[in-house]
Protein chains: 2
Amino acid sequence: MCDIIRSLQVRGAPLIGIAAALALAVYVKSGATHSEILQAAHELSSARPTAVNLKHCIDKQLAAWEKTQDMHSIITTAEELFHEDVKLCEQIAHHGAVLIDKDDCILTHCNTGCLVTAGIGTALGIITRAHHNGKNVHVYVDETRPLLQGARLTTWELQAVKVPYTLICDNAAASLMQQNKIQKIIVGADRIAKNGDVANKIGTYNLAVLAKYHQIPFYVAAPYTTFDAHCQSGENIFIEQRRADEVRGVHNTVWSKNVPDHAVFNPAFDVTPAKLVTAYILDAGIKYSNDL
Amino acid sequence: MCDIIRSLQVRGAPLIGIAAALALAVYVKSGATHSEILQAAHELSSARPTAVNLKHCIDKQLAAWEKTQDMHSIITTAEELFHEDVKLCEQIAHHGAVLIDKDDCILTHCNTGCLVTAGIGTALGIITRAHHNGKNVHVYVDETRPLLQGARLTTWELQAVKVPYTLICDNAAASLMQQNKIQKIIVGADRIAKNGDVANKIGTYNLAVLAKYHQIPFYVAAPYTTFDAHCQSGENIFIEQRRADEVRGVHNTVWSKNVPDHAVFNPAFDVTPAKLVTAYILDAGIKYSNDL
């Protein structure tokens, strides 16, 4: 599971946490010893550094184990975390859909639907719910370089639930805002600091600045599990740097093969300051940075 | 040459103009008739709609022909346009290099060097000149989706002239600005309206907004041939829409094959309003929008 998480076969903050918790549960079921479980919990917790849900889930399992002194509670906690995430998504969608107006065109970044949560997703769950509520939404999908989660995954999800969309290069988002073609921006989050600063997929901060300039509401949708109570502000969030190959090409197509590793900068995330977030769409309801 | 221009084997506003002019000259030399030349001039002029240099060059050749009543002047004009472009690049580099401070990190977009002009380039010519003047510059290169001119061409040019650079996904530019890692932004232009509005590669307007928010100087480098005296403002600039395939993938690698044509928005350019341009670096010197 550590390899699967590191290689992004499982990605998206909520799903990473759930997948790690389930992996630990399976390990318990397979008869692992106390020390093996502790070692696995440690390795899973640190498989990726930015999304905090990973640590949240494993910590919850270890706390249950300590409390009950029964290793089986690691399994029941994994099941609880799974079912809780489904519910959290439902609550986020419920609160968020209210913010969507009829005929809104909504820009989103990366992938935040059923492929990154145990339920219907965060930002994409809201959009899907608004669609099902008859809001006649249209989604502009940022392709989301370097790993193209928007182009590969979000378009697939929207197609599956029959929500109309338009795929764009990340570069085209500003031009659409200039032409008043975007009414809302909704993104997910990988970690939210106590002051409301948000770490999310690289390019999110770009959208937040554009939203500010064009006076477009910029919403961050996330479950409480994405909040890091130990993190005061975005400055304390460690940003994962990933391989140069992700920028030099896609899969086996490499268009910049002569560019050396040291000449590529590839941060997986950026940090959006709380002041650029119009509101947080949480399982507990709509919140503003001074309510967090 | 029309096919070559349309398929972007020759691209970049200045070079499109020069290449079209030389193609028309070769056609004259090959013995084309008056009406064939007029037809070819018309077709070349409209091979791509946004860059105005194309029209500028062909119009200049036709005007010379009309004035001299000698078809051979189409050839001499092509040669003049070629040599003039080399000189214009030198002048732009000369004026622009003065604006660069020692140890500046400069962000650039798309490709604006010797592969898009007859000379050393526009924005990239300035950067190269500043480097040769010992300014110890570092260049952040936007990969420039969808066609990756930054990743494929600008990195190649900078490597050839030994200017240090870092390749980034377009999404990472905002994050670098937030961290004070960018001191200047310099881009080229495909067409500049009378009021100073600039059509340039998609993503340019995005950078201009980011520059404004982060209080980073945003410069547009261009020869006088990129100005369109008949165009009052950016609203009058026709923006070329290109094929969905450019967004769905790269070369033979397609990652969004299920996304239908109608669900892709692929404008080749965007328009940056004059108010976001700190200054224009022209062959005639540094100008501000109220001087144009």
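Let me start with a term: I call a residue buried when its relative accessible area is under 20%, exposed when it is over 50%, and partly exposed in between, using a 1.4 Å probe and protein chains only. Helices, for this talk, are DSSP runs of H or I with at least four residues, and strands are runs of E with at least two, numbered from the N terminus.

A word on the source, everyone: this is a predicted model, where local features need pLDDT of at least 70, side-chain atom pairs count only at pLDDT 80 or more, and totals for chains, interfaces and linings use all residues. Residues are numbered from 1 along each chain as its sequence is written, chains are lettered from A and ligands numbered from 1 in the order in which they are written, and side-chain values use heavy atoms, with hydrogens and water left out.

So, helix α6 of chain A, residues 123–132. Of its 10 residues, 7 are buried: A:Ala123, A:Leu124, A:Gly125, A:Ile126, A:Ile127, A:Thr128 and A:Ala130. Just after α6(A) comes A:Gly134, with a positive phi of about 80°.

Now over to chain B and helix α3. Here B:Ile37, B:Ala40, B:Ala41, B:Leu44 and B:Ser45 are buried. Looking down the axis of α3(B), and taking directions from that axis to the C-beta atoms, these buried residues fall within an arc of 130°, so they line one face. As a reminder, an α-helix has 3.6 residues a turn, so residues three or four places apart point the same way. On the face of α3(B) turned away from the buried side sit the exposed residues B:Ser35 and B:His42. The cover over the buried residues includes α1, α2, α4 and α5 of chain B, where contact means heavy atoms within 4.5 Å.

How do the two chains relate?

Finally, the interface. A:Glu143 forms one with B:Arg145, the closest N and O atoms being 2.6 Å apart. Thanks, all!

Terms used: A salt bridge is a side-chain nitrogen of Lys or Arg within 4 Å of a carboxyl oxygen of Asp or Glu.
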